[in-house]
Each structure stands twice: as C-alpha cells, then as structure tokens.
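Me: I would like to go through this model with you. Could we take it piece by piece?

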Amino acid sequence: LFVVRRDIVKLLGLLFGSQRSRLAEDIPELWTAYMARYNDVGEEVRLVCVTLSLNILIYHPELRGQVSLLAFRCHDTNDRIRLESLTVIRKLALSKFEALNEELLNCLAGRIRDKKVRFFLKNLVFCLSSAAAIHKLVYFTESERASVAVIMQRILSFYYQPYLDDRLLIERLFVSSFLPFKTDPKKRMAILFEINFLRSLEEIFSQQSRFRRLIREILQTLDGEEQSLALIQSRVQIIAESYGTPAKIAVYFQ
C-alpha cells in the first residue's frame, strides 16, 4: 500500500506541476487531497511531495500560498527531507524568485541553525551561494536583492558568537563564496552597505589593530636591551588564542 500511495502521489505531483496544467483548478478536491500528503506518515511520500513542489511553484505561482506546507518540511525529522526542502527553495530563488514568499525565505534562513553539524555547514553554504547569486546576477531587481538581507543577517549573527570556529568559518565563506576579492570594489562596497556588514567590518578591523599592537610590542621587546621572555610569551599566547589552532600558531611564532 505504501508503494502504491507513493507512486500515485508522484503521478499527481507531475500532473499538478505540468506547465499547462489546470488540474488544481478543475478538481480542487484532488488538489486538497494531494496537499495532505505533505504530512504523510511515509517519509518517501513526503520526500516526493517536496521534490515535485519545485515545478508547481515555478509554473503555478498562484498556488504558492497553498504550497507553503513546504516550509513545514524544512523542520522535518528526516534529514533528507530537510535538505531537499532547502534545495527546492534555493533552486526556486535562482530560477523564479517571484514565486517565493516571505515564509519560504525565512525557512531558508532559519535552517542555518540546524543542530547537526553536517547539515549546518550545507545549509550555510546553500544560503550564502543563493544570496551571492541574487546579489550578482543582473536580472534580479533591487527589491529582490533587499529581500535576501534576512538571510545574510542570520549568517552574520554567527560572527558575533563567542565561538571562534564560527567566526573563522564565516570569514572564510564570506570571502570565498559571497564576496570574493575579484568582485569590482564598488560592487563589493555596495553589497556591504546593503547587508549592513559594517558592524562585522568594525569587528575585523578592531581585531587586526589589536594584533598589530601586540606584534609591535613583541618587536620592541626584541629590539630593547632587556628582552623579557615572559612578556613575549604572553603576547604570543594572546595572538595564538585568537585562532582555531592555538598550539600550532604558538609553535610558528617560536
């Protein structure tokens, strides 16, 4: 019975998602029954619904309010379904942004905090790449670019956490995925202002200034007549603790 139900749901999903289909309008009872399968007890059935929702949203954006059940599947207990939900939302954002609604965008941003590390990293890269593409591609409007600011704000919130690894990860991904140095300087600055990255920049500059001061103190101590080994080691320790591998950094300085 489960296999039959899954195959029927798949067939209906293909029919509803067909470009010229009017099945949802002609037989609303069938559409309602199909929507109920998003909450099916069978994981494979829910996965089929999530996967096939992409074409429904692309070709029939008038149904997006009813396909908002896709957002609930972003919190599914099954890892595959959660990841597939984010994949569908990301593809939709890049192919037909106007078919998205605020609920789906918030879903994409909210899944950054997935408790599983493997999915946290995937979701983070998904969100960054989606926001980067929307900011860079010329056919997106200013309002559409502004609407993904919530995603970047959620990502940047990790930069203010006390965990060093999170801050370093955000810096690496931001430079490699979202705002590479090869981007035109004017465009880079425009994006920084759009996503309100100034607070993070202030944090980075403050950290760099602090490092320069510590290095200067070490060099002044080495040049002086009285070289204080304890002072040098204390400064090296402070610098090393600002990295993910303090032991390696301390050895490098020595």
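Me: Is alanine 247 buried or exposed, and why?
Reply: In this predicted model, alanine 247 is exposed, because its relative accessible area is 57% and the threshold for exposed is over 50%.

Me: Which helix is alanine 247 in?
Reply: Alanine 247 belongs to helix H15, which covers residues 246-253.

Me: How far is alanine 247 from glutamine 237?
Reply: The C-alpha atoms of alanine 247 and glutamine 237 are 9.0 Å apart in space, and the two residues are ten apart in sequence.

Me: Turning to the whole protein, how many helices and strands are there?
Reply: The secondary structure comprises 15 helices and zero strands.

Me: What share of the residues counts as buried?
Reply: Of the 254 residues, 44% count as buried.

Me: And what about contacts between residues at least 24 apart?
Reply: When contacts between residues at least 6 apart in sequence are considered, 63% join residues at least 24 apart.

Me: Where is the kink in H4 centred?
Reply: The kink in H4 is centred on leucine 52 and amounts to about 30 degrees.

Me: How many of the residues of H4 are buried?
Reply: Twelve of the 17 residues are buried, so H4 is mostly covered. Among them are Val45, Arg46, Cys49, Leu52 and Ile58.

Me: Which helices do those buried residues pack against?
Reply: The buried residues of H4 pack against helix H1 (2-16), helix H3 (28-36), helix H5 (69-73), helix H6 (79-95) and helix H7 (102-110).

Me: Arginine 46 is on that buried list. Why does it count as buried?
Reply: Arginine 46, which lies in helix H4, counts as buried because its relative accessibility is 8%, and the cut-off for buried is under 20%.

Me: What does arginine 46 touch?
Reply: Leaving aside residues up to four places away in sequence, arginine 46 touches Arg37, Tyr38, Asn39, Asp40, Val41, Arg73, Asp76, Thr77, Asn78 and Ile81.

Me: How far is arginine 46 from arginine 6?
Reply: Arginine 46 and arginine 6 are 40 residues apart in sequence, with 8.7 Å between their C-alpha atoms.

Me: How does alanine 36 count in terms of accessibility?
Reply: Alanine 36 counts as partly exposed, because its relative accessibility is 36%.

Me: Changing topic, what is the volume of the second largest pocket?
Reply: The second largest pocket has a volume of about 160 Å³.

Me: Which residues line the second largest pocket?
Reply: Its lining consists of Phe16, Ser21, Arg22, Leu23, Ala24, Glu25, Trp31, His60, Glu62, Leu63 and Gln66. By class, the lining has five nonpolar, three polar and three charged residues.

Me: Which helix gives the most to that lining?
Reply: Helix H2 (residues 23-26) gives the most, with three residues.

Me: Last one: is isoleucine 170 buried or exposed?
Reply: Isoleucine 170, found in helix H11 (residues 164-178), counts as buried because its relative accessibility is 4%. Its C-alpha atom is 7.6 Å from that of isoleucine 155, which is 15 residues away in sequence.

Methods:
Residues numbered from 1 in each chain as written. Predicted model: local features only at pLDDT ≥ 70, side-chain atom pairs only at ≥ 80, totals over all residues. Heavy atoms only, no water. Bend = angle between axes of the 7 residues up to and from the residue. Helix = DSSP H or I, 4+ residues; strand = E, 2+ residues; numbered from the N terminus. Buried < 20%, exposed > 50% of the residue type's maximum accessible area, 1.4 Å probe, protein only. Contact = heavy atoms within 4.5 Å. 1 Å grid on protein atoms, 1.4 Å probe; cavity = no way out; pocket = protein on both sides within 12 Å on 5 of 7 lines; lining within 4 Å. Points joined across faces, edges and corners; volume = space filled by probe spheres on them. Nonpolar A, V, L, I, M, F, W, Y, C, P; charged D, E, K, R; others polar.
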